Amino acid sequence: MCFYYFLLSFLAVVLLGVGSVLGYAFRERIALGLQDQMYESLDQYGRRRLTTVSWDMTQEDLQCCGVEDFRDWNERIPDSCCMDDYGARKRPCQQLQTSLTIYRTGCYEAITQTLVRNGLMLGGAALLLLLAIVPATVMAYYMLTTI
């Protein structure tokens, strides 16, 4: 029983440490991969339900449109790019593309800004997990060797 606990906690420490280091080391490559996937998924909008819902939720929650900007949609701008007016209705941004009707920030920029803002919190959570798991792993190893 103690062996399995030691093994699982040791694997958790290794995975958390390796994942953190690799995520930091390859952050530029990950960002470029995200941008490429966003461009590829634009063609799937309206055809695949999960892609459509994902884009709509992202654009509404982050108040962004397209990957770089609204022109990525090539004249078929979704309603989720349109700003709400005071009556909680969408403004007609497909016909009237102005800064008063359409979100101007691209979603790639909005996502990266959100990740940067929350990066400190993610790093702190990983550090807290390590501070909790490492002593437990040491105690499990100690119990394993004394039995």
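Mentor: Helices here are DSSP runs of H or I with at least four residues, strands are runs of E with at least two, and both are numbered from the N terminus. The model is predicted, so local features need pLDDT of at least 70 and side-chain atom pairs count only at pLDDT 80 or more, while totals for chains, interfaces and linings use all residues. Residues are numbered from 1 along each chain as its sequence is written, and side-chain values use heavy atoms, with hydrogens and water left out.

Trainee: How many helices and strands does the protein chain have?

Mentor: Four helices and zero strands. From the N terminus on, the order is α-α-α-α.

Trainee: What does the UniProt annotation "transmembrane region" cover?

Mentor: Residues 6-26 and 120-144, according to the unreviewed entry. UniProt positions follow the numbering used here, feature names are shortened, and annotations may be inferred rather than shown by experiment.

Trainee: What is the helix content over residues 120-144?

Mentor: That stretch is 100% helix and 0% strand, with its end C-alpha atoms 36 Å apart. Residues 6-26 are 95% helix and 0% strand, and there the end C-alpha atoms lie 30 Å apart.

Trainee: How do α3 and α4 pack?

Mentor: Helix α3 spans residues 49-62 and helix α4 spans residues 107-146; their angle is about 65° and their axes are 10 Å apart. Axes are lines fitted to C-alpha atoms, for helices over the stretch in contact, and angles run from 0 to 180 degrees between N-to-C directions.

Trainee: What makes α3 roughly perpendicular to α4?

Mentor: The angle is about 65°. Angles from 65 to 115 degrees count as roughly perpendicular, under 35 as roughly parallel, over 145 as roughly antiparallel, and the rest as oblique. So α3 is roughly perpendicular to α4.

Trainee: Which residues make that contact?

Mentor: W55, T58, Q59 and L62 of α3, with C107, A110, I111 and T114 of α4. Contact means heavy atoms within 4.5 Å. The set divides into five nonpolar, three polar and no charged. Ala, Val, Leu, Ile, Met, Phe, Trp, Tyr, Cys and Pro count as nonpolar, Asp, Glu, Lys and Arg as charged, and the others, Gly among them, as polar.

Trainee: Which residues join α2 to α4?

Mentor: A31, L32, L34, Q35 and M38 in α2 meet C107, Y108 and I111 in α4. That contact has seven nonpolar residues, one polar and no charged.

Trainee: Why is C65 called buried?

Mentor: Its relative accessible area is 0%. Buried means under 20%, exposed over 50%, and partly exposed in between (1.4 Å probe, protein chains only). So C65 is buried. C65 lies in the loop between α3 and α4. Beyond four places in sequence, C65 touches residues including Q59, W73, Y103 and C107.

Trainee: Is Q63 buried, exposed or in between, and what places Q63 there?

Mentor: Q63 has 49% relative accessibility, so it counts as partly exposed. Q63 also sits in the loop between α3 and α4.

Trainee: What stands out about the phi of Q63?

Mentor: It is near 50°, a positive value in a residue other than glycine. Most residues other than glycine have a negative phi.

Trainee: How do you know whether S9 is buried or exposed?

Mentor: Relative accessibility is 7% for S9, so S9 counts as buried. S9 is in helix α1, residues 2-25. Leaving aside neighbours within four places in sequence, S9 contacts I133 and T137.
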